Each structure stands twice: as structure tokens, then as C-alpha cells.
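Here is a friendly walk through the packing of one protein chain. Take a look at the structure, then read on for its rings, sheets and helices.

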Amino acid sequence: MKTVQKIKKIGKRFYYMTPVSETDRPILGMVVGDNKTLMIDAGNSEEHAQYFLDELSKKQVSKPNIVALTHWHWDHIFGLSSLTNAISISYKETKEEMEKLTLLSWSDEAIDERVKEGTEIEFCANAIKKEFVNHRDITITLPTMTFENKLEIDLSGVTCVLQHVGGDHAADSVVVFIKEEKVLFLGDCIYPDIFSKETNYTIKRTLALLEVLETFEAETYVYSHGTAISKKEFSQEVSLLRSLAKYTDLYKGDKNSIQDAYTKQVERALSEEELETMEFFVNGYQLQQ
């Protein structure tokens, strides 16, 4: 059964389209200014990007003048080749990583070979095959402009702040803060590293990331493969990550001790998500030893 993608609106200026897990289509965002529009991420295919624009045109939202990329992973950049009339912007390392992708073949054989070598993961390989069933004409289009650390873009009536934040998932991760709407588009920055032997969070990188994310005066937080959540929900997520980072450090990655300590803290049985997150911290601790 095909997942229906929906357009949702937050405030007066921000639209986004819901994700699809089967083909790994992330959320795409559009910030509508008085003079310019800025699209957040380019989608995992030209079809993904164009579907988003077609759905927005029904709401009288014009095509983007600017496309901002949150990081280099395929599902956020493969649609860029269809957005030829927009200026594309990324963090400098995002462009460097994308340049490496221009050398690759995307045939089933080539993808399978990379999975075998360990340079690609099964999940991404399968999602690419599901997204590109009838053709595989993937063109890696490089961003027009790059920035370092932080960039502020005035779209007239609304301002977007692009800031490099890093994290375990992708070292080049950038967030987009839509100032007037108090929306923080997180991309994938808060997710674990899924490209190592074991999915993992590291203590140092997680705490450094959370410190930066908490400097934004946001009321809504958008996860690329999830949904938009409230400040309260985000605070709960931050609290979970901080606590598990603290206990992983304190108990030197010993799973039982971490679980006991966190269970005592919350005074209830742990959820599946909490146990999984704990596992990721244990993995990260072991990988760094």
C-alpha cells in the first residue's frame, strides 16, 4: 500500500510534506517570504521534489528561489537535479561529501557491491531500489553556494538561519531556524550514526549537539523522518539523551547499570524507544574503547 504524503502548515510561512519510510523519503520544508521562497532539502529523487512542488502549487505557493540542504545523505539531495532554477546552499563539508558521490554508479550491482564492501548499508540500498524502480538516472547536482558555521537569509517578512551543528548521524548536519515562526527544522541531526557496524550515539557528540540545539528559541521542532513536535516533547527527548549519556559515562557502558539507574530516575518501566536509545549509547561507548 502506497503511503499518502500530506502537506501541513505551521504558522503563516512554513509548509512541510510528511515522510515515507518505505522509500526513505524525508520531510521537505518550504518557507514562504514576501519576496523569496526557501525549500529545505531537495528530496530523495526528482519525483519526490516535483511532487512536493506540485502539491504546494495547489496552495498557490511558488517554486523555490533557494534550496538549503541539511546534510549530504542521498535521501536529502538526489532531487536537487530537478531544482535548476533555484540557488542551492549547503555547508562546505556537505558539498565535499556530495562530490565523492559523483564518482559512483547507482546500478543494482554497484550498490550491492558497496553493501558487501561495507561502504553502503542495506537499508539505504533497498530504499534506493524501491524509489528508483523504473529508471536509475541519478544525477548528483552540487550546491551553488557553501557556507561555514552560520548563514542568515532574509526572505522578506521571514528569516531563516542555517547553522552547522554536526552530531553522530552526519558530521555536516545543518539545522534551519525559521525565526518568526519559531520553527527549528532539525533534519537528521539528532538521529544516531546508522553507518557504523552498530547503530550508535557517542556521549561527547550528543551532549555538544544538544547544547547548540537548546540555544534556539523554538516552539516547534521538525524531525526529517518523523514529524513536527512541541517544545515540551523535544525537552523530553533532550532529557532522555542527556540522562543516558550521563549514565553511559558513569557506568562505563555497562548496560544493566545504566538501565537500573535510568529506571530509578523515571520511576516506571522503560519504553522500547528508551531501551533502544540506551543500546545505541552502549554501542557508541564500546566502539570508542
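Rings of Phe, Tyr and Trp (its six-membered ring) pair if their centres lie within 6.5 Å, and planes over 60 degrees apart count as edge-to-face. By that rule this predicted model holds twelve aromatic pairs. A pair of aromatic rings is described by the distance of the centres and the angle of the planes. For F78 and F132 the ring centres are 6.1 Å apart and the planes stand at 65°, so this pair is edge-to-face. F78 sits in the loop between helix 2 (74-77) and strand 6, while F132 belongs to the loop between helix 5 and strand 7, so the pair ties together parts that are 54 residues apart in sequence.

Seven of them form an open sheet in the order 1-2-3-4-5-6-7, with mixed pairing. Strand 1 (7-10) and strand 7 (145-147) are at the edges with a single partner strand each, so one side of each has no neighbour in the sheet. From one strand to the next, the twist averages 25°.

Inside this sheet, strand 3 (residues 28-32) and strand 4 (residues 37-40) are antiparallel and share four bridges. Helix 3 (residues 92-101) lies across strand 6 (87-91) and strand 7, and runs at about 100° to strand 6.

Strand 11 (residues 183-187) and strand 12 (residues 220-223) run parallel, joined by four bridges. Here L184 stands opposite Y221 in strand 12.

| Helices | Axis separation | Angle |
|---|---|---|
| Helix 4 (residues 108-117) and helix 5 (residues 122-131) | within 9 Å | roughly 170° |
| Helix 8 (residues 255-266) and helix 9 (residues 272-288) | 10 Å | about 140° |

The axes of helix 4 and helix 5 cross at roughly 170°, which makes helix 4 roughly antiparallel to helix 5. On the helix 4 side, D108, I111, D112 and V115 meet E122, A125, I128 and K129 of helix 5. The residues of this contact divide into four nonpolar, no polar and four charged.

Helix 8 and helix 9 pack at about 140°, and that makes helix 8 oblique to helix 9. Their crossing is right-handed. The contact is formed by K255, I258, Q259 and Y262 from helix 8 together with E274, L275, M278, E279 and V282 from helix 9. By residue class, the contact of helix 8 with helix 9 has five nonpolar, one polar and three charged.

Methods
Residues are numbered from 1 along each chain as its sequence is written. This is a predicted model: local features need pLDDT of at least 70, side-chain atom pairs count only at pLDDT 80 or more; totals for chains, interfaces and linings use all residues. Side-chain values use heavy atoms; hydrogens and water are left out. Axes are lines fitted to C-alpha atoms, for helices over the stretch in contact, and angles run from 0 to 180 degrees between N-to-C directions. Helices (H or I, at least four residues) and strands (E, at least two) are DSSP runs, numbered from the N terminus. Angles under 35 degrees count as roughly parallel, over 145 as roughly antiparallel, 65 to 115 as roughly perpendicular and the rest as oblique. A crossing is left-handed if the near helix is turned anticlockwise from the far one by less than a right angle, and right-handed if clockwise. Contact means heavy atoms within 4.5 Å. Ala, Val, Leu, Ile, Met, Phe, Trp, Tyr, Cys and Pro count as nonpolar, Asp, Glu, Lys and Arg as charged, and the others, Gly among them, as polar. Two strands pair if DSSP finds at least two bridges between them. Rings of Phe, Tyr and Trp (its six-membered ring) pair if their centres lie within 6.5 Å; planes under 30 degrees apart count as stacked, over 60 as edge-to-face and the rest as tilted.
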